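Please walk me through this protein model.

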Amino acid sequence: MNLSIAPSIIAAEISNIDNIIKKINESQADVIHIDIMDGHFVPNIAIGFDIVNFLLKYSIKPLEVHLMVTNPNDYVDKLEKLKIKNMIVHYEAIINDFSILEKIKKTNMKVGIALNPNTAISVLLKNNIIQYIDIVLIMSVYPGFSGQKFITKTSYDKLYELNKIKKKYNFKIEIDGGINMTNIDYLIQYNPDILVIGKSIFHKYDQIISKINYFKNIM
Ligand code: DX5
Ligand code: ZN
């Protein structure tokens, strides 16, 4: 299994971002996860393009953007120009118009779709959108904030279901929220491809590299 680690930069101390980015560069991280929140789709505002531009300049790792916004359409051209690797939109934000998936598919970016804890995996099949999707991101917390508790029941059930669907379709399974040193051993039995981890990586500055590498080599 080739497990990818995506440190979630929202949990990093932004005032120390220049040193933190050096540590991420030195680590075995695969991609940097950037949470963009509009204060409308979720009750929080986070990560502006000043930080995205900073990361583009200093990170040797590719970037992925997780859009917790009501209008993800506004971001396609912009993120494409910035050469973002993965663009992840929320199913709940595009429920009335799935055309954005086709639009992202035409760019060089990978198409990611995020599902809130209360959204079932079956929506991906019912609406026949699975064909466009490169990454399914399971939210294992309610989106909006770093440092929340992992929601056990819905998350593991969904990972189980996704593994079944994966035999037929070609996508990666990503999981985001509340992953830590305690639940990681159980979680990896469900074969996720990408782990998004915030607080557990960043809460001790001198352990950033060792934590990233620990998760990367957990298998
Ligand atoms: C939550 C975000 C996550 C979160 C992960 O809305 O999408 O990326 O910050 O951070 P931790 O690992 O602290 O839950
Ligand atoms: Zn996220």
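The paragraphs below cover the zinc site, the cores and one serine.

This is a predicted model: local features need pLDDT of at least 70, side-chain atom pairs count only at pLDDT 80 or more, and totals for chains, interfaces and linings use all residues. Side-chain values use heavy atoms, without hydrogens and water.

Begin with the zinc ion (ligand 2). Its protein donors are His33 (NE2), Asp35 (OD), His66 (ND1) and Asp176 (OD), at 2.1 to 2.2 Å. Donors are N, O and S atoms within 2.8 Å of the metal (3.2 Å for Na, K and Ca); water is not among the atoms, so sites may look incomplete. Along the sequence the donor residues follow the spacing H-x1-D-x30-H-x109-D. Asp35 sits in strand S2 (residues 32-38) and His66 in strand S4 (residues 63-68), 31 residues apart. Strands are DSSP runs of E, at least two residues; helices are runs of H or I, at least four. Asp35 is buried at 5% relative accessible area, and His66 is buried at 0%. Buried means under 20% relative accessible area (1.4 Å probe, protein chains only).

The largest nonpolar core has 69 residues, and Ile9, Ile34, Met87 and Leu124 touch the most other members. Such a core is a set of buried Ala, Val, Leu, Ile, Met, Phe, Trp, Tyr and Cys residues joined through side-chain atoms within 4.5 Å. A second, separate core of ten residues includes Val31, Leu137, Met139 and Ile194.

Finally, Ser200 lies in helix H8 (residues 199-202). Ser200 is buried, at 8% relative accessibility.

Key
Residues are numbered from 1 along each chain as its sequence is written. Chains are lettered from A and ligands numbered from 1 in the order in which they are written. Buried means under 20% relative accessible area, exposed over 50%, partly exposed in between (1.4 Å probe, protein chains only).
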